[in-house]
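Me: Can you walk me through this model? I'd like to start with a term I'll need.

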Amino acid sequence: MPTRWADNDHYGHVNNVTYYSYFDTAVNGWLMDATGTDIRDLPAIGVVAQTSCRFLGSLSFPDRLRVGLRIARLGRSSITYDLAVFREDGAGLELAATGSFVHVYVDQITRKPVDIPAVIRTAALGLVTDETVQSA
């Protein structure tokens with residue numbers, strides 16, 4: 001994904017809060033691609049319950065980014081993603097940040113926690129690693 005002109009702050013680098021937007025875009029974009037559906041149309045939606053970010057390098061417009069993700073925990077009603085933001089350069093990738101992003105699935109109307117929709121759970125299984133914690 002590209003950085004945007006508006007991502008830079010007064011100091012000339014991507015503002016820290018913008019990294020959370022990259023996380024949100026990466027996770028939801030991946031969900032739509034992996035499920036082949038518009039996730040906004042499902043009866044259950046993923047709401048963000050927790051995020052964290054560790055900043056390791058500076059980004060600035062017009063950097064191009066690559067965001068990697070994996071499943072750290074797959075629960076009954078929540079998914080925890082681990083993310084890494086890399087800056088693309090001519091020699092490869094430079095790690096700029098790592099983070100965590102938790103989706104809790106809730107009924108679209110009542111906003112009460114529900115099971116992860118089957119189409120999302122199936123897609124999420126593709127990002128499960130040996131380190132993933134799975135619970136029923």
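Reply: Buried means under 20% relative accessible area, exposed over 50%, and partly exposed in between (1.4 Å probe, protein chains only). This is a predicted model, so local features need pLDDT of at least 70, side-chain atom pairs count only at pLDDT 80 or more, and totals for chains, interfaces and linings use all residues. Residues are numbered from 1 along each chain as its sequence is written, and side-chain values use heavy atoms, leaving out hydrogens and water.

Me: What does the side chain of Asp115 meet in a salt bridge?

Reply: The partner is Arg76, at 2.5 Å from N to O. A salt bridge needs a side-chain nitrogen of Lys or Arg within 4 Å of a carboxyl oxygen of Asp or Glu. Arg76 sits in the loop between β2 and β3, while Asp115 sits in the loop between β4 and α2 (118-124), so the pair ties together parts 39 residues apart in sequence. Helices (H or I, at least four residues) and strands (E, at least two) are DSSP runs, numbered from the N terminus. Arg76 is partly exposed too, at 38%.

Me: How many salt bridges does the whole structure have?

Reply: The search finds 7. One of them joins Arg70 and Asp82, at 3.2 Å from N to O. Arg70 is in strand β2 and Asp82 in strand β3, so this pair links parts 12 residues apart in sequence. Arg70 is partly exposed at 33%, and Asp82 is partly exposed at 23%.

Me: Which residues are linked in a network of salt bridges?

Reply: Arg87, Asp89 and Glu94 are. Within it, Asp89 and Arg87 meet at 4.0 Å, N to O. Arg87 counts as buried at 19%, whereas Asp89 is partly exposed at 31%.

Me: New topic. In what order do the strands form the sheet?

Reply: The open sheet has 5 strands in the order β1-β4-β3-β2-β5, with mixed pairing. Its edge strands are β1 and β5 (128-134), and each pairs on one side only. Strands pair if DSSP finds at least two bridges between them. β1 and β4 run antiparallel and are joined by 11 bridges. Thr51 stands opposite Phe101 in β4.

Me: Where is His103 found?

Reply: His103 is in strand β4 (residues 92-107). His103 is buried, with a relative accessible area of 2%.

Me: What forms an aromatic pair with Trp30?

Reply: Tyr81 does, also edge-to-face, at 6.4 Å centre to centre and 75 degrees between the planes. Trp30 lies in helix α1 and Tyr81 in strand β3 (residues 78-89), so the pair ties together parts 51 residues apart in sequence. Both Trp30 and Tyr81 are buried.

Methods
Rings of Phe, Tyr and Trp (its six-membered ring) pair if their centres lie within 6.5 Å; planes under 30 degrees apart count as stacked, over 60 as edge-to-face and the rest as tilted.
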